Amino acid sequence: MTEDIYDKIVDLAKRRGFFWPSYEIYGGLAGFYDIGPYGLTVKRKIIEAWRRLFVFNHQDYVVEIETPAVGPSIVYEASGHVESFTDPVVRCTKCGRIYRADHLVEDALKVSAEGLSPEELTRKIRENNIRCPVCGGELSEVSTFNLLFKTQIGPYEGSVGYIRPELAQGMFVSFRRVLETMRNRMPLGIAQVGRVGRNEISPRQGMIRLRDFTIMEMEFFFDPQSDHCPNLDRVMDRKLRVRQYKVRLEGGGPQEFTVRELIEKNVVAHPCMAYWMTVGLDLVKYVGVPEDETFFEEKGPKEKAHYATQVFDQLVRTSRWGWVEVAGYAYRGDYDLSRHMKYSGQDLKVFEPYKEPRVEKVKKVLVDLAYAGRTYRSRASEAVKLAESLPAEEAERQLRETGKLRVGDFEFPASAVKIVEVEQKVSGRSYTPHVVEPSFGTDRLLYVALERAYREKEGRVVLSLPRYLAPVDAAVFPLIEGEEKLEARARQLRDLLVSAGFTVLYDDSGSIGKRYARADEIGVPAAFTVDYQTLEDGTVTLRDRDTWRQVRLRLEDAPEALKKFIYNLVDIAQLGKPVEPEG
């Protein structure tokens with residue numbers, strides 16, 4: 001069984017500047033954490049790795065944008081978040097405390113309650129006599145709580161707005177602009193890194209569940225009539241550990257599939273799902289998680305987000321919280337673009353030209369011009385243009401479901417709308433793209449990286465981060481504190497490494513053993529020591545954080561040796577002459 005080292009990680013993170021609870025001097029606030037100087041450096045390296053894997057390596061068809069953190073209410077009404085982005089809550093009738101109902105049920109019964117309706121949760125609470133964990137009071141019926149952070153745009157009684165709970169909607173709303181920028185080429189990936197907010201009811205897992213956090217997200221748009229996925233042929237034999245929902249219901253564990261098998265057996269809704277899952281696996285491996293300690297779990301019908309047709313969570317084992325989600329892969333279909341077309345009245349479809357024009361029967365929307373004139377007067381032409389530009393399928397759906405046609409600010413009764421079929425020469429086809437979305441929690445990956453790296457060796461803590469992920473590339477120490485000649489040569493070495501592009505920790509305080517220990521605790525992979533032999537022959541020692549082995553090499557060779565050690569992962573024995581360690 002995995003040792004619970006969560007408290008040790010939190011203690012180390014506070015002491016050494018990785019992360020700590022926000023607003024500590026005021027007693028803290030659940031769900032908010034500050035990222036310290038060393039934590040921020042590691043986090044940025046994780047973000048850059050994500051950019052390289054998801055954007056740079058696919059730069060022919062994936063681009064990155066940045067959109068606002070606050071959006072008008074209409075955006076989140078269109079996306080379905082105002083209506084559906086909820087969690088179940090329950091109130092104690094004795095002390096008034098509010099809890100997440102599914103968490104209370106899970107804690108009491110030791111079973112998963114994810115996806116249960118408020119009615120089902122209420123029934124379980126009643127049948128099992130589950131009480132308030134603080135005062136033992138009875139619990140109310142379960143209701144739902146919307147997780148959106150609500151705000152106001154503008155002074156006084158301005159427009160209602162929301163802090164984004166995901167990055168996706170900014171990318172969907174900007175789809176047409178980005179498509180034009182990329183010269184209407186499909187498929188198209190739009191990527192973004194940014195802060196989001198979710199008003200969690202009772203965050204109780206430290207860095208794992210936050211109210212304000214960073215995510216890395218990409219919306220990959222493609223033609224739903226095509227199974228084509230760029231670069232898919234390169235990964236067909238890659239293996240992924242996947243637990244299907246039906247297997248989970250039967251109590252089974254993850255099974256190994258090749259990408260080819262995932263596609264041929266219809267385990268994934270589209271080949272692009274499997275492709276981006278392989279890219280996500282590479283990112284999780286990059287932060288130090290071996291392949292056999294992560295897998296992809298399919299969510300059930302009641303567990304999926306309201307916008308998703310299929311979802312796989314990428315899970316990683318942690319010491320205290322067990323298997324936790326670090327990424328989600330959602331097949332969003334055309335849900336978002338279709339909703340935004342409906343609410344905005346704008347055409348967000350893709351036009352694919354034919355090689356030669358064709359004569360086809362097409363449906364068109366026609367509205368009663370007299371009705372438009374009487375009702376909208378000076379805006380009549382705008383109303384007609386918007387209504388008649390609406391896709392016929394969408395118009396038919398609205399008429400069927402509501403008996404009227406609504407587009408933008410305008411509304412037409414069914415009696416003022418006709419759907420007609422005409423023959424016309426068409427030069428291409430229009431379609432609403434479907435979307436696959438990989439989405440990563442950056443702060444969770446930071447925590448996972450620290451936990452994976454934590455070691456204890458001979459009574460010391462060693463943070464064995466992958467060398468390229470460490471917050472500092474190298475430490476430089478003069479052997480003796482206060483020895484001016486040693487300190488001068490040590491500063492010379494520090495400056496040489498900094499000029500070569502490395503981040504360097506210079507430390508001349510305390511014994512050399514204590515300085516090694518401090519560097520080990522923040523994960524510095526290499527430590528150079530300037531000693532009296534340096535003054536004689538110009539050589540220094542290089543120490544490996546993980547093995548504590550040392551070699552001696554020429555001071556001027558230090559930058560090249562460090563480059564090989566960090567980025568080429570060369571064994572230290574190949575970089576110089578072995579010496580006995582000093583601490």
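Which residues have the most contacts inside the largest nonpolar core? In this predicted model, they are Phe54, Trp276, Phe440 and Phe528, and the core itself has 129 residues. Helix H11 (residues 271-286) gives the largest share of this core, 11 residues.

Let's look at one of those residues. Leaving aside residues up to four places away in sequence, Phe54 touches Val62, Met218, Trp276, Val279, Gly280, Leu283, Pro438 and Phe440. Phe54, Trp276 and Phe440 also belong to a cluster linked by ring pairs, together with Trp50, Tyr61, Phe220, Phe222, Tyr275, Phe296, Tyr329 and Tyr331.

The structure holds 24 aromatic pairs. Here are two of them:

| Aromatic pair | Geometry | Centre to centre | Between the planes |
|---|---|---|---|
| Tyr275 and Trp276 | edge-to-face | 5.0 Å | 80° |
| Tyr376 and Phe410 | edge-to-face | 4.9 Å | 80° |

Tyr275 counts as buried because its relative accessibility is 5%, and Trp276 counts as buried because its value is 1%.

Just after H12, Gly345 takes a positive phi of about 80°.

Finally, charges meet rings too. Lys457 lies over the face of Trp548, 4.4 Å from the ring centre, while the charged end of Arg320 sits over the ring of Trp321, 5.9 Å from its centre.

Conventions
Residues numbered from 1 in each chain as written. Predicted model: local features only at pLDDT ≥ 70, side-chain atom pairs only at ≥ 80, totals over all residues. Heavy atoms only, no water. Core = buried A, V, L, I, M, F, W, Y, C linked by side-chain atoms within 4.5 Å. Buried < 20%, exposed > 50% of the residue type's maximum accessible area, 1.4 Å probe, protein only. Helix = DSSP H or I, 4+ residues; strand = E, 2+ residues; numbered from the N terminus. Contact = heavy atoms within 4.5 Å. Phe/Tyr/Trp six-rings, centres within 6.5 Å; stacked < 30°, edge-to-face > 60°. Lys NZ or Arg CZ within 6 Å of the ring centre and 35° of its normal.
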